[in-house]
Amino acid sequence: MSDIPVFFLHGLAYGGLLFLVSAGLTLVFGMMNVLNFAHAAMYMLGAYFSYALLQETGQFWLSLMVCPILLFIIGALIERFLLRRVHIFGHVHELLLTFGLAYIITEIVKWVWGNFPLAVNVGGFLNETVEIIGITYPVYRIFIFACAVLVGSIMALILYKTRLGIILRAAVNDSEMVNALGFNVPLVFMGVFAFGAALSGFAGVIAGPLLSTFPGMANEILLDAFVVIVVGGFGSLGGAVAASLIIGELQSFGVLLFPKLSIALVYLLMAVVLIVKPSGLFGEKQ
Amino acid sequence: MKIRKNASYLFIAILFALGAVMPMVLKQYHLNMLTEIIVFALYAVSYNLLLGYAGLLSFGHAMFFGTGAFTVAVSLIHIPGLSMWGAITLAVALTTAVGFVAGGLLLRHKGAYFALLTMAFNALFYAVATKWHTVTGGDDGLSITRPDLALGFTTVGMGDIASFYYFTLVIIGAAIAFCWYFTQTAMGQTVLMMRENEERMKFLGYNTNVSRLILFTFTGAMAGLAGAFYTLHFQFCSQSAISIDMTTTVLLMTFVGGTGTFWGPMLGALVYIILQNYLSDITDRWPLFMGLIFVFMVLFIPGGLTQIIQSIRNLFTGKANTGRPKAAKEVAS
């Protein structure tokens, strides 16, 4: 089967994308204990902002820089003025808020850009194909995987090699204690939430040209990202890496082997993980 | 306590009486709308038993609603001569089974985990409904005709909206009354106390897992009944009945109406359907407005419309407003 390397590479590309989305989600969840339903909506906003910017300027690299910054600001504002308000009402309200925000963002996107898919063209050398391991393959998918590797490495460096990383990891374990030690935990939360939003927006910019840009894209990736953090373990970055690759490959080969069952395969994996190891592959015991 | 209990049954009786005279007052268009409101009222009440009473935030309630809706449609199409009762019984039996199995798997997790898993489970159901084209009709949906209703001594034609309205009123009304009765039983009270302090309930010897499973299955069956009537009402069932949007709908209804009381979600269903009908005439963007109202309420009025009504009532009776009792409870849980 000569198709196998192609599907393997497809899986890597999608896995890279999934990692970019789920990394922010799992960090926010691990730290703030908030499952952010609006996270994928940020991803969608990233894709649409990039579309709008490309229409204006035609500069893909520019939108790759600008859109995450915009999403960072939006994320910071949401955390500061909305999420922090409902925090005292408890957990259910935080979930309800992010769910409501996702709903509103989707509706706004439908309003502004219409309820149909938009084609995004990146232009430049990213549109070309390249010869690797004996097959011709689009540069763009390799670019996605490279981005994921780059972002993942930077995150790992920050988390495990810097002082900020120590505070972050400590806050995942016990945010109250970190707060008591004199670190500004609310500020850290805001930063992490905004960073997650920016990362998601970054993923959205990249995803736009690969998958189509349409109002349903948020829900599609959200469920896959959820499966990633369940399989990888809540709050675990290493788990997110492994699970993203597994899910990416599973999606890719699922289409090849069992076209009808490809969607169910992902959930099946999740069900198996939940039954065998409920805390996820790399998660700690709850 | 006894007087309050009787007052509630009186309230139910008044609602029934009001409902009974409605076909003489309302035109066909509004009667259709009212039927829809009643169906969604049961759906919202069943959802609130999870969210308000047990404190379980589920994003997968549409899987029961949709299963009920599809069971009726599929069974009426494929089983010739199936009566109305048969189709409804099948729908409730199947959703009960689904609720029991899904509950067994999902209820082992709590809070955000539970919310996420219910959503994923619902997505699985949706995927099946979309892909299993030969049975569910996929994107095209299924059209049915309402069968006549056999009452033993006579048969009532269901083509007329007024007779279907009465049928809905009686069956769904009885189901809602039964939900109220359920909250008053020892079982229902156990669930309420579990939300407040599960550790203590366990300590007192209650098997909280079993109680939660029974509740989950029960709400599933009720949502399935609502779904069955949804198909019968529209004489059509598509994958939208089992989609995440249907969960969003019930969540909005329940929360806007108020999760703190039993009656709030019914009010929410009423307001939602009316707004939907009239706002959609004015603007195509009505879901955006519903979303904005929802987020506004999450931020500022966590008790929903019932909280507003309560404050107005307190204003007139001169009682001091005791702040946000609902919010205080949430913090404790």
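Q: What makes the span of helix α9 of chain A close to the expected one?
A: Bear in mind that this is a predicted model. Helix α9(A), residues 217-232, has 16 residues and reaches 22 Å from its first C-alpha to its last. The expected span is 1.5 Å times one less than the number of residues, and for α9(A) that gives 22 Å, so the reach is close to expectation.

Q: How do you know whether α9(A) is mostly covered or mostly exposed?
A: Count its buried residues: 15 of the 16 in α9(A) qualify, so "mostly covered" is the label. Just after this helix, A:Gly233 takes a positive phi of about 105°.

Q: What makes A:Ala47 buried?
A: Same test: 20 or more C-beta neighbours are needed, and A:Ala47 has 31 inside 10 Å, so A:Ala47 counts as buried. A:Ala47 belongs to helix α2 of chain A, residues 39-56. Beyond residues up to four places away, A:Ala47 touches A:Gly204, A:Val205, A:Ala207, A:Gly208, A:Thr213 and A:Met217. The C-alpha of A:Phe193, 146 residues away along the chain, is separated from that of A:Ala47 by 19 Å.

Q: Which elements make up chain A, and why is the chain called as compact as a globular protein of its length?
A: Chain A has 11 helices and two strands, running α-α-α-α-β-β-α-α-α-α-α-α-α from the N terminus. Its radius of gyration is 19 Å and the globule rule gives 19 Å for 286 residues, so chain A is as compact as a globular protein of that length. Along the principal axes, the C-alpha atoms fill a box of roughly 55 × 50 × 35 Å. Buried residues make up 52% of the 286. Among contacts between residues at least 6 apart in sequence, 75% join residues at least 24 apart.

Q: How do you describe the way α10(A) and α11(A) cross?
A: Two packed helices are described by the angle between their axes and the distance between the axes. For α10(A), residues 237-257, and α11(A), residues 262-276, the axes come within 8 Å and cross at roughly 145°. The crossing is right-handed. On the α10(A) side, the residues that meet α11(A) include A:Ile247, A:Leu250 and A:Val255, while A:Leu265, A:Val266 and A:Leu269 are among those on the α11(A) side. The residues of this contact divide into six nonpolar, three polar and no charged.

Q: What makes up the side of chain B that touches chain A?
A: 29 residues of chain B are in contact with 30 residues of chain A. On the chain B side, α5 (111-131), α11 (244-257), α13 (286-300) and α15 (325-332) each supply at least two residues. The most comes from α5(B), with 10 residues. By type, this side of chain B divides into 21 nonpolar, five polar and three charged.

Methods: Residues are numbered from 1 along each chain as its sequence is written. Chains are lettered from A and ligands numbered from 1 in the order in which they are written. This is a predicted model: local features need pLDDT of at least 70, side-chain atom pairs count only at pLDDT 80 or more; totals for chains, interfaces and linings use all residues. Helices (H or I, at least four residues) and strands (E, at least two) are DSSP runs, numbered from the N terminus. A residue is buried if 20 or more other C-beta atoms lie within 10 Å of its own, exposed if 12 or fewer, and partly exposed in between; C-beta atoms are placed from the backbone. Two residues are in contact if their C-beta atoms, placed from the backbone, lie within 7 Å. The radius of gyration is taken over C-alpha atoms; the globule rule is 2.2 Å times the number of residues to the power 0.38. Ala, Val, Leu, Ile, Met, Phe, Trp, Tyr, Cys and Pro count as nonpolar, Asp, Glu, Lys and Arg as charged, and the others, Gly among them, as polar. Axes are lines fitted to C-alpha atoms, for helices over the stretch in contact, and angles run from 0 to 180 degrees between N-to-C directions. A crossing is left-handed if the near helix is turned anticlockwise from the far one by less than a right angle, and right-handed if clockwise.
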